[in-house]
Structure formats: C-alpha cells, structure tokens
Amino acid sequence: IIMTNELKGKVNYSVNGNIAILEVDNPPVNPLSSGVRAGLAEFIEKANSDDSIKGIILTGAGRSFIAGADISEFGQSSDGPDLHSALKDIEYSKKPVLAAINGTALGGGLETALVCNYRMGTNKAVVGLPEVNLGLLPGAGGTQRLPRLVGPSQALKMMLSGAPLSAKKALDQGILDAISENSLIEDAVAFLQEKIDLKEHPKVRDKNEKVLEARGSENVLAEAKALAAKIRKGQFAPGQIIACVEAAINEDDFDVGLKKESEYFLECLMNPQREAMIHIFFGERAATKISDIPKDTPLMEINAAGIVGSGTMGGGIAMNLANAGIPVLVLDQDEKNLERGMGVIEKNYQMMVDRGRMTQDQKEIVMGLITPTLSYDDLADVDIVVEAVYENLELKQEIFKTLDEVTSDNAILASNTSGLDIDALASVTKRPGKVVGTHFFSPANVMRLLEVVRGKDSSDETMATVMSLGKKIGKAAVVSLNAPGFIGNRMLAGYTYQANMLLLEGALPNQIDNALESFGMSMGPFRMMDLVGLDLGWRARKLANLETPLVNKISAELCERDRFGQKNSKGFYNYSEGSRAPNPAPENEEIYKEVSEKNNIQRREISDQEIIDRCILGLVNEGARILEEGVAQRSGDMDIVYINGYGFPIWRGGPMFYANQLGLKEVIKKMDVFSELDNEFWKPAPLLQKLADQSGNFGEAPPAEERAELLSFKQANMGGV
Ligand code: 3H9
C-alpha cells in the first residue's frame with residue numbers, strides 16, 4: 001500500500017496471521033520524512049482498530065531500520081504529522097509493538113524503537129543517538145528513555161560521543177531484548193506471539209530504577225561535563241544533552257522531562273552551530289561526487305593493495321586498508337626500515353587493544369592482512385599501489401617506472417605526495433589514466449581527510465574507484481585538481497603567513513595560539529610549527545643558498561640558536577623532557593624584538609580579534625581563488641578539508657561556511673582595513689568580490705565546469721603567498 005504521493009517516504013502495511021507488519025520504506029536509509037510519519041500514524045491506528053490483529057511489528061525496508069529524523073527538513077517547514085504525535089500513537093498502542101531492527105537505528109530511529117514495547121535486532125543491527133554530530137540532541141524522547149534503559153552514565157556516553165553500538169553490545173546493555181540469528185520477521189513474530197496474551201506490556205518510560213539510582217549523586221553529571229569538555233570543546237548541544245539527562249534523573253514526572261527535552265532541542269535547532277554541522281553532514285556526502293563523472297561509472301574491485309615505503313605514512317595507510325579487510329603488502333627496500341615499520345604498526349594496534357578499542361583477535365586478523373616485502377615482484381597482483389616515500393620527484397618517478405613494469409596493467413598507481421606534480425609522475429608510466437594522488441594526513445590511521453588529486457589524464461574509472469575506496473576505509477575524501485599545494489596546504493600557507501606576520505608586528509606566539517584556539521582551532525599555529533619542526537624550511541633554504549623571506553625571519557633566527565621545536569625541546573615554546581606541553585619561552589621575546597627592529601617593523605599591541613580575522617580570512621581569500629580556478633569543485637569541499645585535516649572547528653562549518661555566515665560583504669570590509677598593512681596579500685579574489693557584490697555566498701559560485709580554467713600544475717598561482 002502506498003501512503004501518499006505528496007509526502008516523502010511511505011510505510012508498507014501487511015498482515016502475517018494475527019500480526020500487522022509496518023515496514024518503513026524511504027530509500028536509501030529510511031529517515032522519518034513526512035510520508036513516513038503519516039504512514040506510522042495511519043497504520044498504527046489501522047492495526048489497533050482491526051480486531052483480528054493482536055500485535056504489531058515495525059521494521060525497515062532495505063539496509064536500514066530508520067536513520068533518524070529527515071535531516072534535510074531541519075530549518076524548513078514540513079508537512080505531515082509531527083514525530084512526537086506519531087511516536088505517542090506507537091507508545092500508547094493498545095496492541096503490543098515490537099521493533100524488528102534490520103539495520104541502522106539511529107537518532108529518531110532508535111527513539112522510535114524506544115517507544116515500542118519490545119526490540120529485536122539482527123546481528124547486523126546498529127543502534128545509536130548521533131544527533132550531537134549535527135549540533136542537536138535526541139529530541140524525540142531519547143534523552144529521557146535511553147537513561148531509563150541503560151542508566152544515565154552509559155546513556156550520556158552514547159549521546160555525547162554519538163558513537164553507535166553493535167547488536168551484541170546493544171543486547172548486553174539492555175537496549176535490545178533479543179537478537180535474531182535467522183529470519184528477523186519470523187523470529188519477531190514468534191517472539192511477539194509469546195507476549196500477546198500478557199495483560200501489560202513494558203514501556204521504557206515506566207522503568208525508573210536506573211534514573212532513581214543516580215538521583216542525588218553529582219558524579220554522573222560531573223563526569224559527563226568532563227567528557228564533553230574533552231571531546232566536544234566549544235559545542236552547544238552537549239550542555240543541552242546533559243541538562244536533559246539531569247531532568248530525566250530529577251523530575252518525577254516523565255512528561256516534564258520530555259517537555260524540557262523539547263525546549264532544549266529547539267534551542268539547539270535555532271543555534272547557528274546546528275546549521276554549520278548539518279552543512280558538514282551533507283557537504284561530506286557531496287564531496288564524494290565528481291560533477292563531470294557519471295554516477296554509474298563502473299568501479300574497479302580493490303581486493304589487494306600495495307604500499308611503497310614503510311615509514312609513518314606508509315604504515316598508517318596500510319592500517320587503513322587492513323582495517324577495511326583489504327590485504328596489503330608493505331614494501332621497503334631497506335630491511336631494517338621494513339622491520340621498524342612493521343613494529344610501529346604492531347605497536348599502534350597493541351595500543352588500541354590496551355585501550356579496549358580492539359580485541360586481541362581483531363588485532364591478529366588485521367595484522368594477518370599486512371605482509372612486509374622487500375621485492376617489487378610481489379606487487380604483481382595488487383589492484384592499487386600507494387607510494388609513500390619522502391618528497392623527491394626523481395625518486396618517485398623511479399618508483400612509478402618500476403611499478404608500471406611490475407604491476408598488472410589494470411592496477412591503479414597512487415602517490416601520497418603532499419605537493420608534487422601528479423602529471424609528472426603519470427608521464428613516466430604507460431598508464432597515465434591509472435595515476436592519481438592520494439594525499440593522506442598524518443597520522444594516516446587517525447586523520448579522516450583524504451585529498452584525491454586528479455591529474456590531467458586520471459580516468460573516470462580511476463577517480464570513481466579511489467573515491468569509493470576512500471569511503472570504504474572511512475575517510476572524508478575530497479577531490480583536488482593537480483595544482484601546487486592542492487587544496488589544504490595551499491590555504492594553510494595564507495594562514496601561517498598571517499600568523500608569522502602577526503608575530504613580527506608585536507603579538508606573541510602564546511597570544512596568537514590562544515586566540516585561535518579559543519576560536520576553536522584544535523591547535524594554534526605556533527604549537528603546530530613546533531610540532532612539525534622549525535628547521536625544515538631553514539635547512540632547505542640554506543642548502544639552496546636562498547635568502548630568508550621576511551615572514552620566516554623569526555623562525556630562522558630561532559633555528560640559528562638551535563631552537564628547532566619539540567624535537568629538541570625548544571622552539572617557539574619550551575618543553576620539559578618527555579612532555580609535549582608547551583611552556584612560554586620568555587627568552588625568545590628579545591629575539592622577536594630584535595628581528596622586528598632590524599626589519600623596520602614597529603611592534604604594537606594586537607587584539608585577539610585582529611589575530612582571528614587575519615588568520616581565518618587569509619584562509620578564506622585563498623579558498624576563493626582555489627574555487628575560482630576550479631582546483632576545488634565546491635566551497636563545501638574546502639570546509640571538509642579544513643575540518644578533517646587541519647583542526648578547524650566543525651561547529652563553525654569550515655572556513656568558507658564561516659565566511660558565508662559572516663557575510664561576504666563584511667569579509668571584504670575587514671580585508672579592506674588590513675590592506676593598509678599588506679595591499680598585495682589582501683587583494684580580494686575576484687570571485688569573492690563578485691559574490692560579495694551580488695550579496696551571494698560561496699555556495700552560489702558557478703559550477704566547476706564554468707569556473708575552471710583547468711590550470712596546469714605550473715600555471716596555477718599561489719595567490720601571492
Ligand atoms: C534526529 O534523528 C533528530 C531526532 O532526535 C529528533 C527529531 C525531533 N535524513 O551516509 P550515506 C541520506 S537527527 C536525510 O551515504 P551510508 C544521505 O544524505 C538524525 N537524509 O549512506 C545520502 O544522500 P545522497 C540522526 C539522510 O550507507 C543517503 O541518505 N541520524 C539521512 O554510508 C545515503 O547516506 C543521523 O544522524 C537522514 N537522517 O550510511 C544518521 N541519513 O545519496 C545520519 C542519510 O543524496 N545518517 N541520508 O548523498 C548516517 O549516519 C548514515 O547515512 C547511515 C548510512 C549510517 C544511516
């Protein structure tokens with residue numbers, strides 16, 4: 001039965017003996033769109049008014065049970081009954097309702113299951129309340145019901161992390177009553193038949209024991225606050241979630257708690273963080289699509305992979321692949337390096353076991369998928385090779401030549417270069433269409449960003465396959481054209497340039513870092529530079545006999561005095577032995593003063609606001625150029641890059657979204673003021689100026705095909721940076 005044409009999604013109704021089966025059908029993941037809510041309300045009513053029906057099963061079509069509220073409806077008006085009234089109909093159904101959880105039950109999906117009397121899942125079921133990732137809280141009763149089932153402490157952990165539970169864990173926690181090993185619907189019918197004659201069926205809202213246990217104890221809430229401060233810094237929703245659970249613990253009347261939840265939910269909904277985080281949810285999915293590559297482009301199967309280079313990057317990439325079940329050969333020509341590299345991989349996995357993030361068995365499985373080798377010949381049968389040796393074009397070209405000879409003609413050859421010309425690598429092979437950049441971020445087993453670099457000859461099949469592999473290994477994959485710095489590092493150049501100039505003009509590293517960290521950046525630029533090492537550029541310039549540019553004068557002077565950063569415990573900051581915590585280095589202040597004076601720069605008092613504006617708008621202006629040149633497909637892609645690779649706060653939606661929220665006119669106004677300091681740097685990118693004049697935002701930039709001059713690697717500019 002099809003519910004309606006105007007509303008989105010539907011519910012199918014069928015009867016199995018004396019049981020009505022309601023199947024949510026809203027592909028691909030069954031969110032609770034208008035038609036689904038209407039269908040639930042109508043068919044619960046239908047089943048209740050049919051005397052031959054004794055029980056109701058609620059399930060989902062396809063791979064998902066219900067993926068939650070329809071995220072695209074937030075901030076829009078929507079038709080159909082509201083979710084609360086549909087859920088109330090289920091909770092007060094005269095006939096018992098069982099949720100037969102066939103796949104993902106997330107957010108409003110789990111909340112729907114929680115108003116049912118019983119819950120059964122397949123062993124593939126996954127349950128969770130991930131609303132916090134969208135700047136929201138579980139607003140359909142989840143904050144009141146989950147603590148009653150699993151206890152407030154565990155419920156808070158789930159809601160603050162947003163992490164889902166497997167079926168087995170959900171059973172252990174009491175979220176599921178049973179797991180079906182065979183046919184879910186058959187098992188669900190059998191389960192329900194046994195309960196049908198009971199006079200009363202359990203309701204989660206009546207289970208008060210666990211919340212009452214927590215009443216009067218401050219521990220639970222204090223621990224939650226500490227967790228939120230640690231993993232959700234700067235975010236609005238976590239505090240609201242904690243306040244809801246506080247109500248679940250302390251309010252005698254369930255419905256008072258529910259009402260508070262609705263109020264707090266609305267506050268999240270109105271908060272700009274919600275819009276920013278939903279922008280990222282959809283942006284991450286949009287980024288995986290390449291506008292000029294057909295959706296149905298056939299994908300190559302990746303059944304085996306090779307990595308060249310067993311250093312930190314190579315090892316991290318190998319872990320990514322193995323974690324996704326792909327066997328991987330790690331090649332290094334130096335036996336000692338290879339041994340060391342394998343040792344590091346083993347140690348990383350062991351750390352996960354020690355922290356309870358992986359079982360010993362799981363560790364053995366993934367380690368079993370990673371095989372070291374010294375011989376290129378072993379790579380004959382792999383479907384993709386990722387080269388991850390140090391940045392040297394000639395060396396990489398040699399490797400690509402060898403790979404071209406030893407691997408099958410079909411294999412994709414990828415380079416993890418963070419800046420070299422992919423076309424220059426493709427040109428030494430007989431398969432330029434199969435050559436692509438895969439720029440992972442360090443540590444590759446942790447960082448989610450993957451820049452997929454499209455060379456001029458990279459084929460549609462290669463691009464589509466690598467994007468899909470990116471998803472399979474859990475990365476946020478973004479396409480960049482093959483241009484210097486790709487997307488992320490090119491934008492970063494403007495940001496660190498401004499940070500260094502601010503230091504020359506009078507701000508101290510501590511002030512600059514603190515200002516940007518309170519803006520939400522996970523690590524300020526000087527702490528970052530200390531971590532990476534100040535001496536890299538300095539040594540390279542010395543070798544090439546190059547002059548030090550003004551912007552690097554201070555860090556060069558620190559290097560002259562043996563201050564290289566964390567690696568030797570002194571850089572912009574001082575570090576005590578074995579610690580990564582930065583302590584201010586007052587002895588540097590004289591150096592800063594001297595260098596400024598030598599270069600005729602009058603040091604002055606600089607406000608935190610100026611620091612934030614200059615560093616962040618430096619990113620934005622360069623981002624506009626990247627967009628204009630078609631190096632990035634869309635502005636949202638740059639937001640994904642910055643959030644996943646450079647510690648930009650997700651709750652601000654990325655630098656380009658932040659600029660949209662500020663208003664592009666305002667951005668230009670601020671840049672205009674700074675242009676008195678540096679006219680060249682602060683020249684607005686033409687696209688930024690154009691969109692500001694039209695009162696538009698970056699989302700309204702013309703599509704890539706119309707923008708792109710599709711520059712070659714050498715032509716692309718670096719925007720005066
Ligand atoms: C909530 O429930 C609030 C309530 O507490 C209170 C209300 C009062 N809505 O990710 P995929 C789309 S908040 C609309 O590629 P997968 C997605 O955009 C919600 N659309 O698949 C994509 O579209 P396209 C809490 C949604 O297999 C397509 O479906 N729930 C929704 O890799 C496929 O998605 C969540 O936060 C949605 N809820 O992963 C769960 N979900 O093809 C969010 C997905 O046009 N969803 N779409 O690009 C997920 O985590 C994953 O989608 C899921 C499947 C794990 C389900």
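Modeller: Keep in mind that this is a predicted model. Start with the whole. Buried residues make up 56% of the 721 residues in the protein. The radius of gyration is 28 Å. A compact globule with 721 residues would have one near 27 Å, so the two values agree. Along the principal axes, the C-alpha trace spans about 90 × 60 × 55 Å. The protein has 30 helices and 20 strands.

Now look at how the chain meets itself. Take the contacts between residues at least 6 apart in sequence. Of these, 73% join residues at least 24 apart. Keep that in mind for the rings.

Searching the whole structure turns up 13 aromatic pairs. One of them is formed by Phe519 and Phe648. Their ring centres are 5.7 Å apart, and their planes meet at 75°. An angle over 60 degrees counts as edge-to-face, so this pair is edge-to-face. Where do Phe519 and Phe648 lie? Phe519 is in helix α20, which covers residues 509-519. Phe648 is in the loop between α26 (635-645) and α27 (655-662). The pair therefore ties together parts that are 129 residues apart in sequence. Are Phe519 and Phe648 buried or exposed? Both are buried.

Go on to Phe681 and Trp682. These two also form an edge-to-face pair. Here the distance is 4.7 Å centre to centre, with 70° between the planes. Phe681 is buried, and Trp682 is buried too. Which residues do ring pairs link into a cluster? They are Tyr497, Phe674, Phe681 and Trp682.

For another setting, turn to Val428. This residue sits in the loop between α17 (422-426) and β16 (435-440). Leave aside residues up to four places away in sequence. Val428 then touches Gln397, Phe400, Lys401 and Asp404. Phe400 is 28 residues from Val428 in sequence. In space, the two are 6.9 Å apart, C-alpha to C-alpha.

The accessible surface comes to about 31300 Å². Carbon and sulfur atoms account for 51% of that surface. The protein has 76 positive and 100 negative charges. The mean positions of the two sets are 2 Å apart.

How values were computed:
Residues are numbered from 1 along each chain as its sequence is written. This is a predicted model: local features need pLDDT of at least 70, side-chain atom pairs count only at pLDDT 80 or more; totals for chains, interfaces and linings use all residues. Side-chain values use heavy atoms; hydrogens and water are left out. Helices (H or I, at least four residues) and strands (E, at least two) are DSSP runs, numbered from the N terminus. The radius of gyration is taken over C-alpha atoms; the globule rule is 2.2 Å times the number of residues to the power 0.38. Buried means under 20% relative accessible area, exposed over 50%, partly exposed in between (1.4 Å probe, protein chains only). Contact means heavy atoms within 4.5 Å. Accessible areas come from the Shrake-Rupley method with a 1.4 Å probe; for residues, only the protein chains shown count as cover. Lys and Arg count as positive and Asp and Glu as negative; His and the chain ends are not counted. The place of a charge is taken as NZ of Lys, CZ of Arg, CG of Asp or CD of Glu. Rings of Phe, Tyr and Trp (its six-membered ring) pair if their centres lie within 6.5 Å; planes under 30 degrees apart count as stacked, over 60 as edge-to-face and the rest as tilted.
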